[in-house]
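Open your viewer and get the selection tool ready. We will walk through a few stops together, picking residues as we go.

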Amino acid sequence: MAEKEDFGTLFGMPYNFERPSVGRLLSAYWQPGKGMLVEKPFGVGYTLNLASWRSWIVLLVAAVLLYNERSGTEEPEEADEEEPVEVIVDD
C-alpha cells in the first residue's frame with residue numbers, strides 16, 4: 001500500500017497535514033520576504049502573513065466592521081413615526 005503525502009498541492013491549492021509544531025506555526029505566520037498571503041502551516045489553503053503591513057490593514061478593517069456590527073444601535077425608521085395611511089377600496 002502506498003504512503004499518502006502529508007503535504008503538497010491539489011488543484012493548485014496547498015495542503016499540509018503534518019503534525020504542527022510551535023516553531024513551524026511561528027515561522028509560517030511571520031515571513032518578511034513574502035507577500036500578504038502565505039501557505040497555512042496546517043490545513044488547506046492560505047493565511048495572512050503578519051510580517052506584511054497589508055495584512056494588518058485587512059485585520060484592522062475586519063475588526064472595525066465587526067465592532068460596528070455588534071455595537072450598532074437600532075434607530076427607529078421614519079415610517080413608524082408617521083400616522084397610519086387610510087386605504088379605501090371600491091367594490
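Which residues does serine 55 touch, not counting residues up to four places away in sequence? Select serine 55 and show its surroundings: you will find Met36, Leu48 and Asn49 in contact with serine 55. Keep in mind that this is a predicted model. Now colour helix H2, residues 53-71, and you will see that serine 55 belongs to this helix. Serine 55 has a relative accessible area of 0%, so it counts as buried, the cut-off being under 20%.

Together Met13, Phe17, Leu37, Phe42, Val44 and Tyr46 make a nonpolar surface patch of about 590 Å². Zoom in on methionine 13, a member of this patch that sits in strand S2, residues 13-16. Is methionine 13 buried or partly exposed? With a relative accessible area of 37%, methionine 13 is partly exposed.

**Into the largest pocket**

Which element gives the most to the lining of the largest pocket? The answer is S2, with three residues. Strand S1 (7-10), helix H1 (22-29) and strand S3 (37-39) also each supply at least two residues of that lining. In total, 14 residues line the largest pocket. To find its centre, select Asn16, Ala28, Glu39, Lys40 and Pro41, the lining residues that lie nearest to it. The space in the largest pocket comes to about 160 Å³.

**Along helix H1**

Now move to leucine 25, which is placed in helix H1. Leaving out residues up to four places away in sequence, leucine 25 touches Pro20 and Pro41. Leucine 25 is partly exposed, at 32% relative accessibility.

**Last stop: a charged pair**

Side chains of opposite charge can pair when their charged atoms come close. How many salt bridges does the count come to? The count is one. Select glutamate 18 and arginine 24 to display it: their side chains meet at 3.3 Å, N to O. Glutamate 18 is partly exposed, with a relative accessible area of 28%. Arginine 24, at 22% relative accessibility, also counts as partly exposed, because its value lies between the 20% and 50% cut-offs.

Key: Residues numbered from 1 in each chain as written. Predicted model: local features only at pLDDT ≥ 70, side-chain atom pairs only at ≥ 80, totals over all residues. Heavy atoms only, no water. Helix = DSSP H or I, 4+ residues; strand = E, 2+ residues; numbered from the N terminus. Buried < 20%, exposed > 50% of the residue type's maximum accessible area, 1.4 Å probe, protein only. Contact = heavy atoms within 4.5 Å. Patch = residues over 30% accessible without salt bridge, like charges linked within 9 Å, V, L, I, M, F, W, Y side chains within 5 Å. Areas by Shrake-Rupley, 256 points an atom, 1.4 Å probe, with all protein chains shown as cover. Salt bridge = Lys/Arg side-chain N within 4 Å of Asp/Glu carboxyl O. 1 Å grid on protein atoms, 1.4 Å probe; cavity = no way out; pocket = protein on both sides within 12 Å on 5 of 7 lines; lining within 4 Å. Points joined across faces, edges and corners; volume = space filled by probe spheres on them.
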